[in-house]
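Visitor: I have a protein model on my screen and would like a walk around it. Could you take me through some questions about it?

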Amino acid sequence: MESVNIQSNGAIVIGKSFAIDGFAEKPIRIITHAHSDHLHGLNESLRYSKHIVATPITLDLIEALGYINSELLPLFKLKSISLNYHQTYSINDEEVEFYDADHIPGSVQVLVKIKDKKLSIGYTGDFKLTNKTEIMKDLDVLVIEATYGNPYHTRPFKESVPQILVDLVIEGLYKYKKVYIYAYHGKIQEAMSIIRNGGIDAPFILPDKAYRVVRVLEEKHGYNYGNYLKENNTSFNKEKCIIFKHFNSAKERRLDGKGLHIVLTGRLTHEPFMKVDDYTYVVSLSDHADFSDLVKYVEYSNPRLVIIDGSRHGEAEALKNTLLEKGFCSMVLPQYP
Ligand SMILES: [Zn+2]
């Protein structure tokens, strides 16, 4: 399939014009969302490509998370083009349109139409399958992520996880006043929404980057997360509060009976949550499709060819084998010898 390639650096190259989520020598760099494994080679793209295309939220989050060197910031502002869901952008008879991926704020799937070859090629990026997710149909090629591509990664209980998280937070606030939640960017904001929807109004205490992300989402994009403060603010010390930390700092948590710790991960597959010590729960909150949702997406979309992204973490070969068994023409790219 000469119109689609996946490079080992993670770039999904479609048609003559588009390098998506990685660097390639193409006039347009598209970014599906502001997670670091989809921002590879952004500095090179800024120098090489004519434009950087992403949603307004993604462009703002990339800046808020500090992914652009200060000397390249003017170039980023000059070259970036904001494209909203279902607006189209065209170059050289190739057209791109964004679909909702419901992964993190601003995240998209990408549909490319190559007009002279009459080809429709869709790339899911990272996605979660919910009632917000839009399924790309009538595709010649579907490029799909495979983070949880192994049948082992099925989480049949996923609908019940938000309420479990809310219940644990209520219990933690009642017993200890302080609840610590460890998660990656994007999932922090999802957990904040779940907790507010669960009727909890204790203030959120956020690390610097998450604070900047939430401020941008509230001030420019209409999100509302209620009361939140930056983590060096001391005014909350005696109050009930929910303290967010980056996932990687969970190993430094203090088990001193002064707080309940909740670690959010998509990797827990046997049960919705697990108690790991007297003061710590691991909760299975994922912002990716699980294995059965990946298969469902392909069945709903029903493309002529499925290409599975094997350049990122995930289980591309396992997903390919399942899709082949179900009769879908499937392959993994890049192909390593
Ligand atoms: Zn992601």
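**A tour of the model**

Guide: Happy to. Tyrosine 228, its neighbours within four places in sequence set aside, touches Pro203, Phe204, Leu206 and Val214. Bear in mind that this is a predicted model.

Visitor: Is tyrosine 228 buried, partly exposed or exposed?

Guide: Tyrosine 228 sits in strand β14, residues 228-230. A residue needs 20 or more other C-beta atoms within 10 Å to be buried, and 12 or fewer to be exposed. Tyrosine 228 has 19 other C-beta atoms within 10 Å, so tyrosine 228 is partly exposed.

Visitor: Into which domains is the protein divided, and what is the distance between their centres?

Guide: Domain 1 covers 4-152 + 289-333, and domain 2 covers 158-284. Taken over C-alpha atoms, the centres of domain 1 and domain 2 are separated by 29 Å.

Visitor: How many residues does each domain bring to the contact, and of which classes are those of domain 1?

Guide: Domain 1 brings 10 residues to the contact and domain 2 brings 12 residues. On the side of domain 1 that touches domain 2, the classes are 7 nonpolar, 1 polar and 2 charged residues.

Visitor: How do helices α2 and α6 pack, and at what angle?

Guide: Two packed helices are described by the angle between their axes and the distance between the axes. Here α2 (residues 56-64) passes α6 (residues 208-221) in a right-handed crossing. Their axes are 9 Å apart, and the angle is about 145 degrees.

Visitor: Which residues make the contact of α2 with α6?

Guide: By class, this contact has 5 nonpolar, 1 polar and 3 charged residues. From α2 come Ile57, Asp60, Leu61 and Ala64. From α6 come Arg212, Val213, Val216, Lys220 and His221.

Visitor: Against which elements do the buried residues of α2 pack?

Guide: In α2, the buried residues are Ile57, Thr58, Leu59, Asp60, Leu61 and Ile62. Just after α2 comes glycine 66, with a positive phi of about 75 degrees. The elements that the buried residues of α2 pack against are β5 (51-54), β6 (80-82) and α6.

Visitor: Why do the buried residues of α8 line one face of the helix?

Guide: An α-helix has 3.6 residues a turn, so residues three or four places apart point the same way. In α8 (residues 316-325), the buried residues are Ala316, Leu319, Lys320 and Leu323. Looking down the axis of α8, these buried residues line one face because they fall within an arc of 105 degrees.

Visitor: Which residues does isoleucine 135 contact, leaving aside its neighbours within four places in sequence?

Guide: Isoleucine 135 lies in the loop between β10 (119-123) and β11 (141-144). With 19 other C-beta atoms within 10 Å, isoleucine 135 is partly exposed. Its contacts, with those neighbours left aside, are Tyr297, Tyr300 and Ser301.

Visitor: Is aspartate 138 buried or exposed?

Guide: Aspartate 138 is also placed in the loop between β10 and β11. Its phi is positive, about 55 degrees, although aspartate 138 is not a glycine. Aspartate 138 has 11 C-beta neighbours inside 10 Å, so aspartate 138 counts as exposed.

Visitor: What is the phi of asparagine 302?

Guide: Asparagine 302 is in the loop between α7 and β19. There, asparagine 302 is partly exposed, with 13 other C-beta atoms within 10 Å. Most residues other than glycine have a negative phi, and most peptide bonds are trans. Asparagine 302 has a positive phi, near 50 degrees.

Conventions
Residues numbered from 1 in each chain as written. Predicted model: local features only at pLDDT ≥ 70, side-chain atom pairs only at ≥ 80, totals over all residues. Domains from an automatic or database assignment. Contact = placed C-beta atoms within 7 Å. Nonpolar A, V, L, I, M, F, W, Y, C, P; charged D, E, K, R; others polar. Axes fitted to C-alpha atoms, helices over the stretch in contact; angles between N-to-C directions. Helix = DSSP H or I, 4+ residues; strand = E, 2+ residues; numbered from the N terminus. Left-handed = near helix turned anticlockwise from the far one by under 90°. Arc of directions from axis to C-beta.
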